[in-house]
Amino acid sequence: MNENELNLKDKLRDFYEHKKKETFLIGGSILLILSILLVSIVKINSKEVLAFAKSRNAALEGETITSMVYSGAEEMQKGPSKTYGKVVYLTIDDGPSEYTDEIIKILNKNNVKATFFMINGNMQAYPEQVKNIVENGNTAGFHSVSHDIHKLYVSKTSAKEEFDTNQATFKKITGQTSKVIRLPFGSKPYTPRASYNALVDSGYKLWDWTLDTEDWRSTSSQIMENVKKYSSGSDNVVLLMHERKQTVEILDEMIKYLKSEGFEILPIKQSDEARNYWNGKLFSEEN
């Protein structure tokens, strides 16, 4: 090997050694930069976590486990109104009437809906009030034609036929149908089994009540006392009223009282299961 070849070999070795060092230095620099960035991110996140923890601790200071659970439940149940698992169905019989529009105004003022059980002749006499009931989101139900137990049960199907007449009148006025009904004076003890079966077989959903305000014979103050007395200790109430002057006068106060007692005020929906003395659902703990 001559001198020129040796010199070339030495230069190549020096060149490779230099590149190796250079690559090592670049790689090390990259690793160093990445390490610095990682530490910075961790520090930033740690500060954010610490700040969040301090904020949460301050917010929770003084709260018990019970109150925290309750607060969580409140967040889950945010909506138009807060409820406590207590429900009252406002049901209004014997309309429509000259009082229907005023009742609806009071319901709307309090952001609640009710169920109106209507008599056939009154629907014919007050068709605009029938429309008003429906258009304002309330439930329209039926309360017979005759309102007379001596006529309702002359045959196995006579009660069913009266509600069919209600249905035809309602559809003529509104273009809609309803299957929610209430028998005059309740389903027991007057309704024969055959009449009840005929109604159920036709798809009607019969509702009785658990609290009678006795507004047909009471003053406004007596109505309020009845509501307070008979709703106490109850979590699920089907409340019976009628379209009477004294009922209209106390309705706003009644609604405010029921809300203050934790009741959610609901209308009966067409999809709701019937609740009456016959099917045993009226006082069921599940309802």
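Visitor: In which hand does α9 pass α10, left-handed or right-handed?
Guide: In this predicted model, the crossing of α9 with α10 is right-handed.

Visitor: What describes the packing of two helices?
Guide: The angle between their axes and the distance between those axes describe it. For α9 (residues 220-231) and α10 (residues 245-260), the axes cross at roughly 35 degrees and come within 9 Å.

Visitor: Which residues of α9 take part in the contact with α10?
Guide: S220, I223, M224, V227, K228 and S231 do so, and among their partners in α10 are I250, M254, Y257 and L258.

Visitor: Why are α5 and α7 called roughly perpendicular?
Guide: Helix α5 (residues 127-135) packs on helix α7 (residues 158-174) at about 80 degrees, their axes being 10 Å apart. Angles of 65 to 115 degrees count as roughly perpendicular, and the description therefore applies to α5 and α7. P127, V130, K131 and V134 of α5 meet F170, I173 and T174 of α7; these residues divide into 5 nonpolar, 1 polar and 1 charged.

Visitor: Which residues have the most contacts inside the largest nonpolar core?
Guide: They are L90, F116, L239, M254 and L258, in a core of 46 residues. To this core α10 gives the most, with 7 residues.

Visitor: What does L258 contact, leaving aside neighbours within four places in sequence?
Guide: L258 is in contact with V88, L90, V227, L239, F263 and I265. A second, separate core has 10 residues, including V180, W209, L240 and L282.

Technical notes:
Residues are numbered from 1 along each chain as its sequence is written. This is a predicted model: local features need pLDDT of at least 70, side-chain atom pairs count only at pLDDT 80 or more; totals for chains, interfaces and linings use all residues. Side-chain values use heavy atoms; hydrogens and water are left out. Axes are lines fitted to C-alpha atoms, for helices over the stretch in contact, and angles run from 0 to 180 degrees between N-to-C directions. Helices (H or I, at least four residues) and strands (E, at least two) are DSSP runs, numbered from the N terminus. A crossing is left-handed if the near helix is turned anticlockwise from the far one by less than a right angle, and right-handed if clockwise. Contact means heavy atoms within 4.5 Å. Angles under 35 degrees count as roughly parallel, over 145 as roughly antiparallel, 65 to 115 as roughly perpendicular and the rest as oblique. Ala, Val, Leu, Ile, Met, Phe, Trp, Tyr, Cys and Pro count as nonpolar, Asp, Glu, Lys and Arg as charged, and the others, Gly among them, as polar. A nonpolar core is a set of buried Ala, Val, Leu, Ile, Met, Phe, Trp, Tyr and Cys residues joined through side-chain atoms within 4.5 Å. Buried means under 20% relative accessible area, exposed over 50%, partly exposed in between (1.4 Å probe, protein chains only).
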